[in-house]
Amino acid sequence: MTRVVSLFLPTWPTDRLRRKAGDAAPPSEAPLVLIGREGSKRLVVASDAAARAAGVFVGMPAAKAQVLVPGLIVRDAEPIEDEAGLERLALWVLQRFAPIVAPDAPDGIVIDTTGADHLHGGEQAMLDALVGRLIMSGVTARAAIADSWGAAHALARFAGTATYVAPPGHGSSVLDVLPLEALRLPRPTSSDLRLLGFERIADLLSQPRAPLTLRFGPQLGRRIDQALGILAEPIEPVRPPDLISIRRAFPEPIGAAETIARYIGKLTTQLCEALEEKGLGARRLDLICHRVDNRLAAVRVGMAQPVRDAKRLTRLLSDKIETIDPGFGIEVMTLTATIAEPLERRQMASSLIEVAAPDISDLIDTLANRVGERAIYRMAPAASDVPERSVCRIPAMAPESGAAWPSHWPRPARLLGRPETIETVALLPDHPPVSFTWRGIRRRVKRADGPERVFGEWWMRDAELAAVRDYFRVEDDAGERYWIYRAGDGEDATTGSHRWFLHGVFG
């Protein structure tokens, strides 16, 4: 089933202007509007959230807006720069989220994420990551995912939430309560429909189609069918001229899995030859199949390192053939190296003088394309004395940073995700316990070593300025060893609660 994301950028022109100005940009709390000309009139063509909250709207005369809002910052609109910036943003989304991305001028981007959401942890996680990254970059954004471009476009703009995930096969249920403007109708058409008493999309869906078409033309019915997914609305993917891409058109549509696999091998071989000419290796490949019914089917695979091995790339793509729905047949196939990086030639290791390092990148690529890139990682040390902060996740094939694990005190093989409270009996407050109860089982301590004092990181939070932990390695009468700590130094109440916690288990 097709799944489409609509990314809505309500204040894109003003956000782009602030990002372009950098340090010289006006304060974010200052109302900002962009002015354009319509004949001899100077009108507001874009406004930020602060200006809208003050009552400024698109189409208002510039002079009236300046009188209405004292301190209003006025800049000239740059529609050509806005369009170019939107296309650059679409390319950024293309490289990171899905193979089919296109600008949806003037304030959005449309993304076909069919089959790509699992690589980002699911649809909700993908939308959260997309919107979150944009907001961190200073771009206001909302996003929705639905079964059609029209439905996703409507929900992103009128659902009222930062992210909205419509259930697959939703039909008209998610659109019924939305206003008429959600159908992307011309403003005069929406106004005329309201004069006739239509307020919501459900009001239109309950009426016979013929009288509406007779009065308002075929565009009204077309927009309804596009929103419901009855009428296909193809997305023309953005493709910069410097991308390495191979295209194959077929005299007769193909649909058998064996035929698709054979032509994937041919396209991959040609692509690797083109990459070799430029000294590059592919980090991400997008296979787009153009069907005879004007729909697209896409497959994306990623590699941990630059790769130019045709057999390896063919196998990764062929593993995804079952996700390709050929429909009534595929007439064009396009293979693109969406991300390509320099690939250095390496001399083969000689068994006489050195031992070849094992290469597990092929296994990493296979697993990552099946379960998602985020699910494949390795643990690495981080610069922190606090145990739960001293470990971080890095990509499975990331180069070694040179950081080493602490060796002055042994660390448990298993560190709990969150320390668990234990009940203890101790001879003195600053001594290790003689027994403790964890998860309902009482354990008698036979041996203990410590304490290892860990101080709070005052530069992270003010509450850690005086906080300390005293860690002990303890062994019970069954020979099992645990890593426990007391929150505080055992004397001063400002250093912690003096409660005991179990933080890890030794192997």
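Predicted model: local features only at pLDDT ≥ 70, side-chain atom pairs only at ≥ 80, totals over all residues.
Good morning, colleagues. I begin with the salt bridges, of which the model has 29. One of them joins the side chains of Asp48 and Arg18, with an N to O distance of 2.7 Å. Arg18 belongs to helix H1, residues 12–21, while Asp48 sits in the loop between strand S3 (41–47) and helix H2 (49–53), so this pair ties together parts that are 30 residues apart in sequence. Asp48 and Arg18 are both buried.

Next, consider Arg486 and Asp470, whose side chains form a salt bridge at 2.5 Å, N to O. This pair also links distant parts of the chain: Arg486 is in strand S19 (residues 481–487) and Asp470 in strand S18, 16 residues apart. Arg486 has a relative accessible area of 2% and is therefore buried. Asp470, at 1% relative accessibility, counts as buried as well.

A further salt bridge, at 3.4 Å from N to O, connects Arg209 and Asp225. Here the linked parts are helix H9 (residues 209–216), which holds Arg209, and helix H10 (residues 218–228), which holds Asp225.

Asp82 brings us to helix H4, where Asp82 is one of the buried residues. Helix H4 runs over residues 79–96, and its 18 residues reach 26 Å from first C-alpha to last, close to the 26 Å expected.

I turn now to two individual residues. Arg291 is placed in strand S10, residues 280–291. With a relative accessibility of 10%, Arg291 counts as buried. The side chain of Arg291 makes a polar contact of 2.6 Å with that of Asp293. Beyond four places in sequence, Arg291 touches Asp325, Pro326, Gly327, Gly329, Ile330 and Glu331.

The second residue is Gly456, in the loop between strand S17 (441–455) and strand S18 (468–476). Gly456 is buried, at 17% relative accessibility. Leaving sequence neighbours within four places aside, Gly456 contacts Glu464 and Ala467. Thr495, although 39 residues from Gly456 in sequence, is 9.3 Å away in space, C-alpha to C-alpha.

Finally, the surface. Which residues form a nonpolar patch there? They are Ile360, Leu363, Leu367 and Val371, with about 340 Å² of accessible area together. Leu363 lies in helix H13, residues 361–371. Thank you for your attention.

Technical notes: Residues numbered from 1 in each chain as written. Heavy atoms only, no water. Patch = residues over 30% accessible without salt bridge, like charges linked within 9 Å, V, L, I, M, F, W, Y side chains within 5 Å. Areas by Shrake-Rupley, 256 points an atom, 1.4 Å probe, with all protein chains shown as cover. Salt bridge = Lys/Arg side-chain N within 4 Å of Asp/Glu carboxyl O. Helix = DSSP H or I, 4+ residues; strand = E, 2+ residues; numbered from the N terminus. Buried < 20%, exposed > 50% of the residue type's maximum accessible area, 1.4 Å probe, protein only. Polar contact = N/O pair within 3.5 Å; in protein donor to acceptor, adjacent residues only side chain to side chain. Contact = heavy atoms within 4.5 Å. Expected span 1.5 Å × (residues − 1).
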